[in-house]
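Let's take a look at this protein together. Keep the sequence and the 3D view open as you read.

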Amino acid sequence: MKKSVITAALAGLALGVVFALPANAADTTVCLITKTDTNPFFVKMKEGATAKAKELGVTLKSYAGKIDGDSESQVAAIESCIASGAKGILITASDTKGIVSSVKKARDAGLVVIALDTPLEPADAADATFATDNLLAGKLIGEWAKGTMGDKAKTAKVGFLDLTPSQPSVDVLRDQGFMIGFGIDPKDPNKIGDETDPRIVGHDVTNGNEEGGRKAMENLLQKDPGINVIHTINEPAAVGAYQALKAVGMEKDVLIVSVDGGCPGVKSVKEGVIGATSQQYPLMMAAMGVEAVKKFADTGEKPKPTPGKAFFDTGVSLVTDKPVAGVPSIDVKEGTAKCWG
């Protein structure tokens with residue numbers, strides 16, 4: 001480092017000013033910020049990012065909220081990433097609207113920000129989004145549930161086990177996608193809970209975990225014990241719902257569908273706990289995200305979306321051993337070969 005730069009930095013410190021000293025151009029730090037570090041989906045995401053970072057010779061710093069919905073921890077993580085001189089942030093936002101000002105601060109500081117799995121609101125608040133087509137994921141399980149029920153779908157009693165009260169975009173997209181697939185008018189496609197279809201028993205939130213799924217299912221059963229179709233935001237919530245149903249002897253009377261495709265979830269499909277699940281691929285999301293940040297650090301080039309879409313689509317497949325005509329799916333054997341967690 002040149003003597004003049006060091007002298008200026010020392011002078012600044014004497015005045016209480018912090019100077020950013022030049023970093024080694026070869027050093028690239030990527031920050032991964034997930035909703036939690038316990039959900040198998042985010043565990044696999046971290047594995048994918050870690051492996052790719054090692055392969056590319058970059059530094060990975062990982063952060064997570066305490067629970068799904070803990071936006072404060074994610075805001076603090078963004079601040080840490082900016083301060084550490086990271087080149088980019090990969091984030092699965094808990095509060096897709098509330099995090100936007102912090103993301104803007106990071107982008108203004110020169111970091112590339114890529115939303116993983118969950119688009120921000122608005123989506124262009126991030127430089128790019130690498131995600132499952134969550135609307136399609138919901139639509140696939142909705143179409144499957146409708147086809148499985150046949151004529152009974154016209155008089156079904158449907159419950160929704162959603163994520164959090166803040167209605168992050170991933171929650172809305174899966175929820176509304178299911179309605180479209182099942183034949184329910186979702187009304188405002190950007191909002192959960194404004195529907196008027198008489199088949200809907202209600203919505204409750206789960207925080208994406210088993211205990212939340214169990215409690216939410218109990219609440220919906222109190223509203224209508226005749227409920228017979230359940231859409232769940234993810235597979236841990238689905239398992240919790242099943243536990244609540246089993247406790248009252250209704251586990252064989254209710255059709256449960258979900259989204260994720262983790263190995264425990266695919267096993268639940270095999271065992272009949274979940275009828276079908278839409279499988280997504282978090283390892284690919286995170287690995288490609290690390291690659292994109294490295295490319296940005298090396299060339300200044302930002303990632304581009306999949307042609308015809310506003311985001312980079314990392315794929316989704318319906319997993320079930322009870323296929324429905326006209327609804328593309330893979331069986332449990334193939335789903336097991338592709339699962340995670």
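Cys 31 is buried in this predicted model, because its relative accessible area is 0%, under the 20% cut-off. Its partner is Cys 81, and a disulfide joins the two. Cys 81 is buried as well, because its relative accessibility is 0%. As a reminder, a disulfide is a covalent bond between the sulfur atoms of two cysteines.

The disulfide of Cys 31 and Cys 81 is left-handed, because the torsion about its S-S bond is about -120°. Cys 31 sits in strand 1 (residues 29–34) and Cys 81 in helix 3 (residues 71–84), so the bond ties together parts that are 50 residues apart in sequence.

How many disulfides are there by this rule? The count comes to two, and here they are side by side:

| Disulfide | S to S |
|---|---|
| Cys 31 and Cys 81 | 2.4 Å |
| Cys 263 and Cys 339 | 2.0 Å |

The disulfide of Cys 263 and Cys 339 is right-handed, because its S-S torsion is about 90°. Cys 263 lies in helix 9 (residues 263–271) and Cys 339 in the segment after helix 11 (332–338), so this pair links parts that are 76 residues apart in sequence. Cys 263 counts as partly exposed at 23% relative accessibility, whereas Cys 339 is buried at 16%. With the bonded cysteines numbered in sequence order, the pairing reads 1-2, 3-4.

Now move to Thr 277, which lies in strand 10 (residues 276–279). Thr 277 is buried, with 0% relative accessibility. Its side chain reaches the backbone oxygen of Ser 258 at 3.2 Å. Residues that Thr 277 touches include Ile 141, Glu 235 and Val 319.

Note on methods:
Residues numbered from 1 in each chain as written. Predicted model: local features only at pLDDT ≥ 70, side-chain atom pairs only at ≥ 80, totals over all residues. Heavy atoms only, no water. Helix = DSSP H or I, 4+ residues; strand = E, 2+ residues; numbered from the N terminus. Buried < 20%, exposed > 50% of the residue type's maximum accessible area, 1.4 Å probe, protein only. Polar contact = N/O pair within 3.5 Å; in protein donor to acceptor, adjacent residues only side chain to side chain. Contact = heavy atoms within 4.5 Å. Disulfide = S-S within 2.5 Å. Lists of a residue's contacts leave out its neighbours within four places in sequence.
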